[in-house]
Amino acid sequence: MNKRWLAPTGLAATLLIAACGSSAGSGSTTSSAPAASSSALKTTKIGGATVLTNAKGFTLYWFVPDTSTTSKCNGSCATYWPPVKGPTTAVAGVTGKLGTIKRADGSVQATYNGHPLYTYVADGAPGQAKGNGLNLSGGVWHEVTVSGAAGAAPSGSASAGGGGYGY
């Protein structure tokens with residue numbers, strides 16, 4: 001493999017992620033219907049914070065530009081930040097409000113305390129939070145903490161801001 005191509009390819013992927021646009025979804029619902037166990041949300045400790053994970057233990061994220069009724073991560077953005085399909089269920093320790101929104105493509109996305117939920121493709125194993133604090137795809141990404149606060153960005157992060165909306 002020619003190593004000269006690795007840096008430009010990585011740079012192209014980073015630029016593609018940063019260039020992700022937004023499309024609006026619409027509608028909001030709350031879910032009380034039980035879902036299969038593969039859709040159960042759990043908690044785990046990462047870097048001292050108790051964060052929400054999917055059934056496989058992968059960290060869940062929220063995107064600052066989203067609203068409680070609209071995902072702003074669509075198209076190629078959703079390739080890197082896959083939306084969590086809804087509805088979901090919760091295991092003990094997950095105390096927030098679960099719900100769903102309808103995405104621009106018509107699919108249903110899970111929400112937690114009004115935040116649409118995503119995973120991050122760079123998290124290669126359970127217990128990682130490589131997307132926390134990143135400023136990509138038009139906004140900042142935060143791990144979903146059970147406490148409701150935005151997860152602290154890792155030291156050395158090039159991200160900025162916080163914001164979002166209250167729990």
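User: Which pattern does the chain follow, read along the sequence?
Analyst: Read along the sequence, this chain follows α-β-β-β-β-α-β-β-β-β-β-β, where helices (H or I, at least four residues) and strands (E, at least two) are DSSP runs, numbered from the N terminus. This is a predicted model, in which local features need pLDDT of at least 70 and side-chain atom pairs count only at pLDDT 80 or more, while totals for chains, interfaces and linings use all residues. Residues are numbered from 1 along each chain as its sequence is written, and side-chain values use heavy atoms, with hydrogens and water left out.

User: How many helices and strands are there in the chain?
Analyst: The chain has two helices and ten strands.

User: What order does the open sheet of three strands have?
Analyst: The order is 3-2-5, with mixed pairing, and two strands pair if DSSP finds at least two bridges between them. Strand 3 (49–53) and strand 5 (89–90) are at the edges with a single partner strand each, so one side of each has no neighbour in the sheet.

User: How many bridges join strand 2 to strand 3?
Analyst: Strand 2 (residues 40–46) and strand 3 run antiparallel and are joined by five bridges; in one of these pairings, Lys42 has Thr53 in strand 3 as its bridge partner.

User: Changing topic, what about strand 7, is it enclosed or open?
Analyst: Strand 7 (residues 108–112) is largely enclosed by the rest of the structure, because four of its five residues are buried, meaning under 20% relative accessible area with a 1.4 Å probe and protein chains only, against over 50% for exposed and in between for partly exposed.

User: And which strands does it pair with?
Analyst: Strand 6 (residues 98–102) runs antiparallel to strand 7 and is joined to it by five bridges, with Lys102 opposite Val108. Strand 8 (residues 115–116) also pairs with strand 7 in the antiparallel sense, over two bridges, and Tyr112 has His115 in strand 8 as its bridge partner.

User: What sits between the strands in those hairpins?
Analyst: Five residues lie between strand 6 and strand 7, and Gly106 in that turn has a positive phi of about 95 degrees. The hairpin of strand 7 and strand 8 has two residues between the strands, and Asn113 there takes a positive phi near 50 degrees.

User: How much of the whole chain is buried?
Analyst: Buried residues make up 38% of the 167 residues. As for contacts (heavy atoms within 4.5 Å), among those between residues at least 6 apart in sequence, 66% join residues at least 24 apart.
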